[in-house]
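Please look over the model shown below before reading on.

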Amino acid sequence: MARNATRAASVKKRPAVPRAEPTLPDLSQYGMLAEYNRKRNFGVTPEPAGRPPEAKRGGALAFVVQKHRATALHYDFRLEYAGVMLSWAVPKGPSHDPSVKRLAMVTEPHPLDYNQFEGVIPEGEYGGGTVMIWDHGTWEPEDADVERMIRKNEIKFRLHGKKLRGSWVLVGTGDRRWLLIKHRDEAASTSDVTVDKPLSAVSRRTMAGIARAAGATPRQLAVAAAADPPRDATVSRSTA
Ligand code: MN
C-alpha cells in the first residue's frame with residue numbers, strides 16, 4: 001500500500017517517461033528475485049519464497065520445464081544462471097523440429113528451489129493453476145561467456161534432459177519476445193514431444209493426477225485434465 005502511494009506521488013511530480021522493457025533482467029544487480037517475491041503471497045501459495053541466490057557450488061547448470069495451466073496453458077522454460085533460473089513462458093511448448101520457432105516470452109527469474117515445485121497454485125493467486133515438472137536435467141552453454149550471449153540476444157546451448165536433448169538456441173527479437181528453436185542434430189525430430197511424453201518427469205503423473213493429489217477445486221481439476229493430451233494419444237504413444 002505504502003509502496004503504491006509512493007509510486008503514485010512520484011508519478012504526479014513529473015510525467016512518466018516511457019522506458020524500454022529490458023529483454024532480460026540486469027544480471028549485475030542484486031534482488032533478481034524481487035519481482036518473483038512481489039507477485040506472490042507465500043502465506044497462501046505452496047510455491048517456495050525466493051531467497052538471495054547462494055554462491056554457486058560448482059557443477060552442472062540446471063534446467064527445468066514446468067507445464068503450467070494458468071490463465072492459459074504454457075511451458076515455463078528455465079535455465080540456471082547467476083544463482084537464479086532465467087525464465088521464459090513458451091505457450092506451445094518446446095519442439096524438436098528445427099523448422100519450428102516457438103514463441104518464448106521472458107518472465108521474472110525464479111529461485112532454484114522452484115525447480116522442485118509440482119502442485120497447484122490456489123485460485124485467485126498469481127499463476128493460479130496446476131504445475132507439472134515436465135522435464136528437467138542440465139544445460140551447457142555453447143559459449144562459455146553466457147553474459148555475452150545474453151547481451152547478443154542469442155543464447156546457444158545443449159540440453160541434457162529426460163525429454164529434451166541436443167542443441168538449441170533462444171533468439172531475442174525485441175521487447176520480451178524470444179524464439180526457442182531446435183538446431184539440426186541427432187536429437188532433431190518432427191514428432192511432438194508434448195503429446196508423445198505428457199507425463200511428469202519426476203512423478204509420472206498427468207496434470208489431472210497432480211491436481212487431484214493436491215486437492216484442487218473441481219473447476220481446477222477439470223481445467224488441468226483438459227491440459228492432458230487425449231487419453232488415446234497418450235496410451236498408444238507413451239508405451240513406445
Ligand atoms: Mn507459468
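For how many contacts beyond four places in sequence does the model provide over residues 234-240? The answer is 8 contacts, in a stretch where pLDDT stays under 50. This is a predicted model, and the chain within it has 7 helices and 9 strands. Buried residues make up 30% of the 240 residues, and among contacts with a separation of 6 or more, 56% are between residues 24 or more positions apart.

**Confidence**

- The mean pLDDT of the chain is 87, with 82% of the residues reaching 70 or more.
- Residues 1-15 have a pLDDT below 50, and beyond near neighbours in sequence this stretch has 1 contact in the model.
- The pLDDT is likewise under 50 over residues 234-240.
- Where pLDDT is low, predicted coordinates should not be read in detail.

**Strand 1 and its partners**

- Strand 1, which spans residues 61-69, is largely enclosed by the rest of the structure, because 7 of its 9 residues are buried.
- Strand 1 is joined to strand 2 (residues 73-81) by 7 bridges, and the two strands run antiparallel; they form a hairpin with 3 residues between them.

- Strand 5 (residues 119-121) pairs with strand 6 in the antiparallel sense over 3 bridges, and Gly-119 stands opposite Val-131 in strand 6.
- Strand 7 (residues 154-161) is joined to strand 6 by 5 bridges, again with the strands running antiparallel, and here Gly-137 stands opposite Gly-161 in strand 7.

**The largest nonpolar core**

- The largest nonpolar core holds 40 residues, of which Phe-77, Trp-88, Ala-104 and Leu-180 touch the most other members.
- When residues up to four places away in sequence are left out of the count, Ala-104 touches Phe-77, Trp-88, Val-90, Leu-170, Trp-178, Leu-179 and Leu-180.

**Helix 6**

- In helix 6 (residues 218-226), the buried residues are Gln-220, Val-223 and Ala-224.
- These residues lie on the same side of helix 6, because they cover an arc of only 100° around the axis.
- On the other side of helix 6, the exposed residues are Pro-218, Ala-222 and Ala-226.
- The buried residues of helix 6 pack against strand 1, strand 5 and strand 6, and also against helix 5 (207-213).

**Loop residues**

- Asn-153 is found in the loop between helix 3 (146-151) and strand 7, and has a positive phi of about 55° although it is not a glycine.
- Asn-153 counts as partly exposed, because 14 C-beta neighbours lie inside 10 Å, where a residue would need 20 or more to be buried and 12 or fewer to be exposed.
- Asp-175, which lies in the loop between strand 8 (165-172) and strand 9, also has a positive phi of about 55° although it is not a glycine.
- Asp-175 is exposed, because it has 12 other C-beta atoms within 10 Å.
- Arg-184 lies in the loop between strand 9 (177-182) and helix 4 (193-196), and counts as exposed because it has 10 C-beta neighbours inside 10 Å.
- Arg-184 and Gly-166 are 18 residues apart in sequence, and their C-alpha atoms are 8.7 Å apart in space.

Conventions
Residues are numbered from 1 along each chain as its sequence is written. This is a predicted model: local features need pLDDT of at least 70, side-chain atom pairs count only at pLDDT 80 or more; totals for chains, interfaces and linings use all residues. Helices (H or I, at least four residues) and strands (E, at least two) are DSSP runs, numbered from the N terminus. Two residues are in contact if their C-beta atoms, placed from the backbone, lie within 7 Å. Two strands pair if DSSP finds at least two bridges between them. A nonpolar core is a set of buried Ala, Val, Leu, Ile, Met, Phe, Trp, Tyr and Cys residues joined through C-beta atoms within 7 Å. pLDDT is the predictor's confidence in each residue, from 0 to 100. The arc is that of the directions from the helix axis to the C-beta atoms.
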